[in-house]
Amino acid sequence: METRSAKRKKIIAHRNNHQIIAKAAKKRSAIDRISDLPDAILHRILFLLPIKCIAQMSVLSKRWRFLWTTFPDLDFTTISPFTISPPTTTKNRYNKFSTANHRHSRRQDFITQVLSIRDKNSDIRILCFRARLSFSRLNNLIRSAIRQNVRILDVEVATEVVTDDYFNFPRCIIGSHSLKVLKLKSGFRLPPSSIMRDGFQSLQTLSLSLVILYNQPFLSDLFSESSFPLLKNLHLDMCFGLKYLRVGCKALEDFSLEKCFQLQGLDISCPKLEKLKVASCFDAYSEKSWVRISAPKLQDLVWHYNAVTDMTMFEDHHHLHHHQSSSSNSLSVFCGDASVGFFIVNEDVSIGKLQSVNNFLSGLSHARSLTLESQTIEQWNRDLWDMTSTEEEQYWESQIPSLKPFLQHLKVVKIHGFLDCENEVTLAKFLLKHGKALEEMQLCAGQVNARDTLRRQKIRSQMMGFSWASSNAKVAFQ
């Protein structure tokens, strides 16, 4: 029989065991398992947070301070939105912008502090910021990032005090061997091509916006194989003063050019180019504007709101012809998707520019899909305006020999801004009658009323009144 003393000892021992187990469990729950994760994983997690939160976490322990000083992805755009205020006079600009400049100065000082405390043996993968600052401070920031082998540099800046002055392109960028992606947006001047040539040997993506080129309007040898041997993506936007541009990067796959209103000549020779976008470009009042495109692998073409040039030439390496007159056009093997819309000046109705439009569209002879803006059709049919409906049809029939490749390969046609005009209807009927590969025609007019519905029913009945070249073609009003 168990004595009272033995029972008491047994109860005490059982209680002690429970306490030991509870302490062990509490100790296990207090272990910081997150801090034990590899640096790369923690950096990946931290990148999802605003950069100020990451900085605040550095006070938790030495481990988290180390993670902060080696953090490779520095995105300062989460601090506050970047805004550029309108210009003011010298008399009142200091009063008006004193508060704003102080705020921007603090933001820029934070960027400087972060770069100064970084582990110098740790590379920067991404540096992205928006700020108002002086050129010397901008140059110091970029120079510091280049020394730490930055790979992606995305910068949008403006001067501390709003003036008519511009930035100079930071020359320390030119010789960087680590930089893969460069995006610069500000009013800045490019250095002479002789300085930039042979410099960007590792760059794969380049985006330049708000470029001042009045002192060198002809960029004929900058975007070449020697300067950008690895460049795959190029975006140029708002290049003020640019009159002539030649792009001949052999590795280039995606090129976009936008809002270059003074452009007169564009020469593209890129054997690997797959995507091309040109929008809101060319001088509408120039008498010698021209386009030459040699891109045998082009699959996606967007040509929107561009002034009509005097000469258009599509070339490929397999079927190349040389012509001297403005009516010339080399045959192409473009076999992708094209979206075309011209900016048309009312008085700009010269025969040369009419022919240039024809040449451009004929150059898309093997396109799978063609999207047309209604203005383009007006320009294409400009010389048909005084004709009757029957005469228009006869005109299109006469164009069959030159449009034969176009009609044999085109599968999808979209007409935006379809207003049920006679020339639009005549063109649609012509494509249905002779488009042997046509599968779909979309006529997009936007909002319609009851009268438009009746009009469309009449047009549909007209289109059904003859045999279509393709038994698979479908017509849809949108």
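Which strands form the open sheet, and in what order? The model is predicted, so local features need pLDDT of at least 70 and side-chain atom pairs count only at pLDDT 80 or more, whereas totals for chains, interfaces and linings use all residues. Residues are numbered from 1 along each chain as its sequence is written, and side-chain values use heavy atoms, without hydrogens and water.

**View 1. The open sheet of five strands.** The strands follow the order β7-β9-β11-β13-β15, and their pairing is parallel. Strands are DSSP runs of E with at least two residues, helices are runs of H or I with at least four residues, and both are numbered from the N terminus. Two strands pair if DSSP finds at least two bridges between them. The edge strands, β7 (218-223) and β15 (311-315), each pair on one side only. On average, neighbouring strands of this sheet are turned by 10 degrees against each other, direction ignored. The axes used here are lines fitted to C-alpha atoms, for helices over the stretch in contact, and angles run from 0 to 180 degrees between N-to-C directions.

**View 2. Strands β9 and β11, with S269.** Strand β9 (residues 244-247) is joined to β11 by four bridges, and the two run parallel. Within this pair, Y244 stands opposite G265. S269 lies in strand β11 (residues 265-269). Its relative accessibility is 18%, so S269 counts as buried; buried means under 20% relative accessible area, exposed over 50%, and partly exposed in between (1.4 Å probe, protein chains only). Beyond its neighbours within four places in sequence, S269 is in contact (heavy atoms within 4.5 Å) with R246, V247, G248, C249, R292 and S294.

**View 3. Strand β14 between two partners.** Strand β12 (residues 275-279) is joined to β14 by five bridges and runs parallel to it, while seven bridges join β14 to strand β16 (residues 337-343), also in parallel. L301 of β14 stands opposite L276 and opposite A338 in β16. Six of the eight residues of β14 (residues 300-307) are buried, so the strand is largely enclosed by the rest of the structure. Y305 is found in this strand, yet at 51% relative accessibility Y305 counts as exposed. Y305 also has a positive phi of about 55 degrees, although it is not a glycine.

**View 4. The largest nonpolar core.** A nonpolar core is a set of buried Ala, Val, Leu, Ile, Met, Phe, Trp, Tyr and Cys residues joined through side-chain atoms within 4.5 Å. Of the 113 residues in the largest core, F129, F169, F223, L245, F255, W303 and L364 touch the most other members. Helix α12 (residues 422-434) supplies the largest share of this core, six residues. In soluble globular proteins, nonpolar side chains tend to be buried together. Not counting residues up to four places away in sequence, F223 touches several residues, including L206, F228, L234, L236 and L245.

**View 5. Helices α2 and α4.** Helix α2 (residues 39-46) and helix α4 (residues 62-69) pack at an angle of about 75 degrees, with their axes 11 Å apart. They are therefore roughly perpendicular to each other; angles under 35 degrees count as roughly parallel, over 145 as roughly antiparallel, 65 to 115 as roughly perpendicular and the rest as oblique. The contact involves D39, L42, H43 and L46 of α2 together with R63, W64, F66 and L67 of α4.
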